Amino acid sequence: MRIIHVVPAIANEASGPSYSVVRLCESLIAEGQDVTLAALDWGPMSKKQAYLKTFPLGWGPRRLGRSPALHHWLSEHAESGAVDLIHDHSLWMMPNVYPGQVARRHGVPLVVSPRGTLSEWAMGSGSPLKKVFWPLLQRPALSAAACFHAT
């Protein structure tokens, strides 16, 4: 399978997915899968893996992680049939909205690993922007999911 994993960042200072998503990609590659990990060029990384593709941030608040280059790249791969599955890790940033938009538009199966971001606590805390982000961007993106992977 040709799989694209999307995570906002795997920089040294990023959270658990920086480790677990990288290890998941490595395990899938060891099993013979064609894997690309797409992430923002967020900051220093211990080493850049051959399967990693990074994208620059666009304008806007850094915490949203807007990257037109990432969105365009995902769209191109889906439209051309160069991907069989997209696996999105986490929510609440634009790199986690793009996979749903692309999957819905091009009919590519989408797996979403929310990693606790849909818990009652997570939904009720954080930025007040969530109240706008959820109905306008995040919920519609999640509607494209073929599967949710809960950990």
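Helices (H or I, at least four residues) and strands (E, at least two) are DSSP runs, numbered from the N terminus, and axes are lines fitted to C-alpha atoms, for helices over the stretch in contact, with angles running from 0 to 180 degrees between N-to-C directions. The model is predicted: local features need pLDDT of at least 70, side-chain atom pairs count only at pLDDT 80 or more, and totals for chains, interfaces and linings use all residues. Residues are numbered from 1 along each chain as its sequence is written, and side-chain values use heavy atoms, leaving out hydrogens and water.

Helix H2 (residues 68-80) packs with helix H3 (residues 98-106) at an angle of about 25°, their axes lying 10 Å apart. The two helices are therefore roughly parallel to each other (angles under 35 degrees count as roughly parallel, over 145 as roughly antiparallel, 65 to 115 as roughly perpendicular and the rest as oblique). In contact (heavy atoms within 4.5 Å), H2 residues including Leu70, Leu74 and Ala78 meet H3 residues including Tyr98, Val102 and Arg105.

The strands form a sheet. Six of them make an open sheet in the order E3-E2-E1-E4-E5-E6, with parallel pairing; two strands pair if DSSP finds at least two bridges between them. Strands E3 (52-55) and E6 (147-148) stand at the edges with a single partner strand each, so one side of each has no neighbour in the sheet. Strand E5 (residues 110-113) runs parallel to E6 and is joined to E6 by two bridges. The bridge partner of Val112 in E6 is Phe148.

H2 also packs on this sheet, where H2 touches strand E1 (2-6), strand E2 (34-40), E3 and strand E4 (85-89). The direction of H2 makes about 160° with that of E1.
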